[in-house]
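Here's a quick tour of a protein model, written to be read with the viewer open. Have a look around first, then come back for the details.

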Amino acid sequence: MINRYPILACALTLLLTAYLIFALPLTAKSAADDIFTGCRISVADSLNTRFVTRLEVSQECGDIMQWITTRRHSELSLHELEQKLRASDKIEHVNVCILNNGKLAIDVVPMTPVARIFDSKGSYYINTQGKRISADPRYHVDVPVVVGHFSDELPATRLLPLLDHIAASPELDALVSTVKQAHNGDIIIVPTIRGHVINFGDTSLVEDKFTRLREFYRQVMPVRGWETYDTVAVKWRGQIVATKRDKSLAPTSLAAVNEEFDDLDDIETMTTPLHTGEQEQLPDPETESTPKNSEKPA
């Protein structure tokens, strides 16, 4: 007796193959002729910087939200659309696809700026990897402003450890208004507290330097007065050097930030050691003594 099952299986396989050969192209052609039902734009902005918004992504795509429902699937190249968005230095990653409901899906991961740089070449943002992001009036984010003279030896990226530390602390983020790099490489912080600047030196011992600065704000400034000093230096290990003001207080502005801060010390600096262990008595605010040369940093 002939076993018909293998014959039936072969016949069904041939019929299914023939169906797929003819049906799939027809289905694909039908799908290509379908009209887009809409567009869903998703921006992965976990930090809520709003540096890139859904509206701006739509504008980068030629205001796609306004005309997408008038186009067939075959009239839009997903690859070209992805390439167009990837060409933007504001976008780190993008994926474009068509959903089962006929909507176009655009998923975007934007760059995350950590600082706005102003130098001799103009203005731009940088992210945590130091990648440049062009400054565009349409794209704005509130990040620390960095002003200075940058070179291959002293690039803006050397400030990233300091900027990351500031960004991680709401207290410091609220304190720091502007960061400047002077000609000699000293990092100058302009705080939101009006009337003085902070000579930070370099990016070493960041936490220790801010600890000393907090102690100075807590123990010295309320006694001496918040407008007594024009420069507070924490660049030297274990001490704070505050330069007394010898001119009337001027409002802090971007123009003031661009002034040179290379010569910070004078004969009327006060050296305050870092308070550790036993509390040291604060200087009498009514009397001011000039420290000896041996007490001043080299």
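## Ground rules

This is a predicted model, so local features need pLDDT of at least 70 and side-chain atom pairs count only at pLDDT 80 or more, while totals for chains, interfaces and linings use all residues. Residues are numbered from 1 along each chain as its sequence is written, and side-chain values use heavy atoms, with hydrogens and water left out.

## The overall picture

The protein has nine helices and 13 strands. Those are DSSP runs numbered from the N terminus: H or I and at least four residues for helices, E and at least two for strands. Of the 298 residues, 39% count as buried (buried is under 20% relative accessible area, exposed over 50%, partly exposed in between, using a 1.4 Å probe and protein chains only). Among contacts between residues at least 6 apart in sequence, 59% join residues at least 24 apart.

As a reminder, an α-helix has 3.6 residues a turn, so residues three or four places apart point the same way.

In α5, the residues L160, L162, L163 and I166 are buried. Their arc around the axis is only 160 degrees, so they sit on the same side of α5.

How do α5 (residues 160–167) and α7 (residues 206–219) pack, and at what angle? The angle is about 55 degrees, with the axes 10 Å apart; axes are lines fitted to C-alpha atoms, for helices over the stretch in contact, and angles run from 0 to 180 degrees between N-to-C directions. That makes α5 oblique to α7, given that angles under 35 degrees count as roughly parallel, over 145 as roughly antiparallel, 65 to 115 as roughly perpendicular and the rest as oblique. The crossing is right-handed, that is, the near helix is turned clockwise from the far one by less than a right angle. On the α5 side, L162, H165 and I166 make the contact, and on the α7 side V206, E207 and F210 do. By type, the contact residues divide into four nonpolar, one polar and one charged (Ala, Val, Leu, Ile, Met, Phe, Trp, Tyr, Cys and Pro count as nonpolar, Asp, Glu, Lys and Arg as charged, and the others, Gly among them, as polar).

## Two positive phi angles

D63 has a positive phi of about 55 degrees although it is not a glycine. Look for D63 in the loop between α2 and α3, where D63 is partly exposed at 31% relative accessible area.

L205, also not a glycine, has a positive phi near 50 degrees. This one lies in the loop between β10 (197–201) and α7, and L205 is partly exposed, with a relative accessible area of 36%.

## V109 on strand β3

V109 lies in strand β3 and counts as partly exposed at 31% relative accessibility. Leaving aside neighbours within four places in sequence, V109 is in contact with A44, I91, E92 and H93. V109 and S42 are 67 residues apart in sequence and 8.6 Å apart in space, C-alpha to C-alpha.

Technical notes. Contact means heavy atoms within 4.5 Å. The arc is that of the directions from the helix axis to the C-beta atoms.
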